[in-house]
Every structure is written in C-alpha cells, then in structure tokens.
Amino acid sequence: MATVQELLRRADELLGDPGSTSDAAAGRRDAEILLGHCLGKSRSWLYTWPEQAVARDGENQYFQLINERRRGVPIAYLTGEREFWSLQLLVNEHTLIPRPETETMVEWALQLALPTDARVLDLGTGSGAIALALASERPLWKVTAVDASAKALGLARQNATRTRLERVDFLCSDWFGALARQRFTLLVSNPPYVDGDDPHLREGDLRFEPQTALVAGEQGLADLARLAQEAPAHLVDGGWLLLEHGYQQAAQVRELLQENGFSEISTRQDLAGLERITGGCWRAE
C-alpha cells in the first residue's frame with residue numbers, strides 16, 4: 001500500500017506545473033484537500049502522518065478525484081462541501097459555489113442599524129449561504145430565502161439542517177413572484193450578472209457551475225435591473241437592498257438604484273479591492 005506522502009507526490013506530478021511556483025502550490029493544496037476528503041482527515045493530519053499507509057480503495061477513490069480535478073471540476077463539487085462565513089455547507093452542480101467575495105455582503109448587512117426582529121429576504125439563495133450566515137449571526141431576525149430551482153432549495157434546506165438553522169424559511173419563487181404583498185427590512189441577492197458572451201464562462205470553475213445562476217441578459221444587467229425595480233414594493237420604509245454584481249458593473253447598479261428611488265447609495269469592495277456589492281436605502285414618500 002502507498003503512503004500518504006507517496007500519494008501526494010504522485011498527485012503533484014498530475015496537478016502541478018513544475019515550471020510555475022504558483023501552479024505547483026495550488027496543485028499541492030488541491031491534492032491535500034482531496035486526500036483529506038478521501039481519508040476523512042484534516043490537512044494537518046496529513047502533515048503529521050506522512051508515512052501512514054492508505055488502503056487500496058482509498059487510493060483508487062483518490063486518483064479518480066485527481067483525474068476529475070485535472071479535467072477542471074471544482075474542488076467544492078468533488079468534496080461536496082465549501083466553507084462560507086465559518087459554516088461548512090454542502091454544494092453540488094445545482095448551485096453556485098459560495099465565494100469569499102460574497103461575505104462582503106454579509107458583513108455589510110450585519111453593520112446596518114436594523115431592528116432586532118428585522119425581516120430579511122435572500123433572493124436566489126442557491127445553497128443558502130447568505131441566508132444561513134445572516135441567521136447564524138442574528139438569531140432574532142426572521143430570514144426567508146427564495147429560489148426558482150427546486151433542486152437548489154432542497155440543498156439549501158439540507159444546509160439549514162446541517163447548521164442547525166432550520167428557522168430559516170425556504171420558498172420556491174421566481175424572485176418576488178410568490179411573495180405577494182410581503183415587505184421586508186432587508187433584501188439581499190447575489191443574482192446572475194454575467195454576460196452570456198463573457199469568455200470567463202469558458203474558464204475555471206464557471207465551466208461547471210449552473211449557467212442559469214450565472215448568466216443574465218442585457219450584458220448581465222437584466223436581473224439586477226428587475227430586482228432594483230421590484231424591490232421598493234417589498235421594502236418597509238427605511239429598508240435596504242444589497243446586490244452583488246460584477247466588478248465592472250458598480251456604476252450601472254448605482255444608477256439603477258437611483259432611478260428606482262433609493263438613497264444613501266454606495267458600493268463596497270471585496271477582499272481583492274474590486275467593487276462587488278452595491279446597496280441603498282428606500283424611503284417612502
């Protein structure tokens with residue numbers, strides 16, 4: 001039987017570019033994550049027990065995943081998990097992979113001066129990442145999450161159970177379609193905002209993620225425009241709308257919010273310094 005160290009060395013040869021330090025480091029990270037997943041161990045365990053023998057079944061499973069990774073399948077889909085806001089969430093091909101830049105929206109939402117019993121709506125919840133992160137930090141908020149995909153909602157409900165946040169309500173809805181005249185204190189959304197002709201759709205993880213959760217018409221602005229237009233009918237006086245968007249769309253989203261009666265409009269940058277989240281407050285006349 002091969003040892004942990006031997007398996008990682010073989011995976012390095014398959015995943016890393018020896019001519020690129022960054023690629024080699026990324027390949028080693030992927031190799032460690034996948035081996036830890038197969039063995040049910042942490043990466044630190046792998047460092048501690050490099051001479052530990054690995055059973056043949058584990059080795060076969062490992063190299064099946066390595067080959068899938070070489071094909072470009074995202075690590076999160078291979079392990080079925082991704083951490084977001086310290087929550088370990090299930091992910092699959094029916095949902096976007098939660099990303100660190102979206103945590104900027106969670107941070108902003110938590111900084112708003114909202115009432116203790118705020119009603120919050122997450123539009124297009126996917127895996128439930130934003131809704132569950134907010135619920136984990138504000139136990140008294142009434143959080144509702146909607147998605148048009150029944151399969152995505154099924155996964156979000158699993159994540160709610162997994163994180164013991166079953167108090168979040170999940171509802172199948174095409175944006176505000178099933179919400180009638182309900183109003184909320186805060187609306188948050190990471191909608192589709194990628195132009196269908198964007199070459200990034202043919203690169204990296206985006207090749208494997210659901211296109212319906214990524215692509216929007218009108219150069220990626222269609223869903224952002226719809227949310228900005230329909231949000232006022234679902235906000236209480238003084239309520240907030242926060243939208244994630246592409247790093248080149250911030251000015252256009254600010255204009256959309258202004259056109260639809262929002263004030264206190266601003267944009268926040270993600271960890272990479274890119275304009276990523278735009279929000280505004282809506283006040284009844």
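Entry 1: I count a salt bridge when a side-chain nitrogen of Lys or Arg is within 4 Å of a carboxyl oxygen of Asp or Glu. The model is predicted, so I took local features only at pLDDT of at least 70 and side-chain atom pairs only at pLDDT 80 or more, while totals for chains, interfaces and linings use all residues. Residues are numbered from 1 along each chain as its sequence is written, and side-chain values use heavy atoms, with hydrogens and water left out.

Both E59 and R56 sit in helix 4 (residues 56–70), 3 residues apart, about one turn of the helix. I take helices (H or I, at least four residues) and strands (E, at least two) as DSSP runs, numbered from the N terminus. Is E59 buried or exposed? E59 counts as buried because its relative accessibility is 6%. My cut-offs for relative accessible area are under 20% for buried, over 50% for exposed, and partly exposed in between (1.4 Å probe, protein chains only).

**Entry 2: D169 and K142.** Next I checked D169, whose side chain meets that of K142 in a salt bridge (2.5 Å, N to O). D169 lies in strand 5 (residues 169–172) and K142 in strand 4 (residues 142–147), so the pair ties together parts 27 residues apart in sequence. D169 is partly exposed at 32% relative accessibility. K142 is partly exposed at 37%.

**Entry 3: E275 and R254.** I then found a salt bridge between the side chains of E275 and R254 (3.6 Å, N to O). This pair links distant parts of the chain: E275 is in strand 9 (residues 275–282) and R254 in helix 11 (residues 250–259), 21 residues apart. E275 counts as partly exposed at 31% relative accessibility. R254 also counts as partly exposed, at 27%.

**Entry 4: the whole structure.** How many salt bridges does a search of the whole structure find? I got 14. I also noted a network of salt bridges linking D12, R28, E32 and R43.

**Entry 5: helices 6 and 7.** Last, I turned to helix packing. Helix 6 (residues 103–111) packs against helix 7 (residues 129–137) at about 40°, with the axes 10 Å apart. Axes are lines fitted to C-alpha atoms over the stretch in contact, and angles run from 0 to 180 degrees between N-to-C directions. I listed the contacts (heavy atoms within 4.5 Å). M105, V106, A109 and L110 of helix 6 meet I130, A133, L134 and E137 of helix 7.
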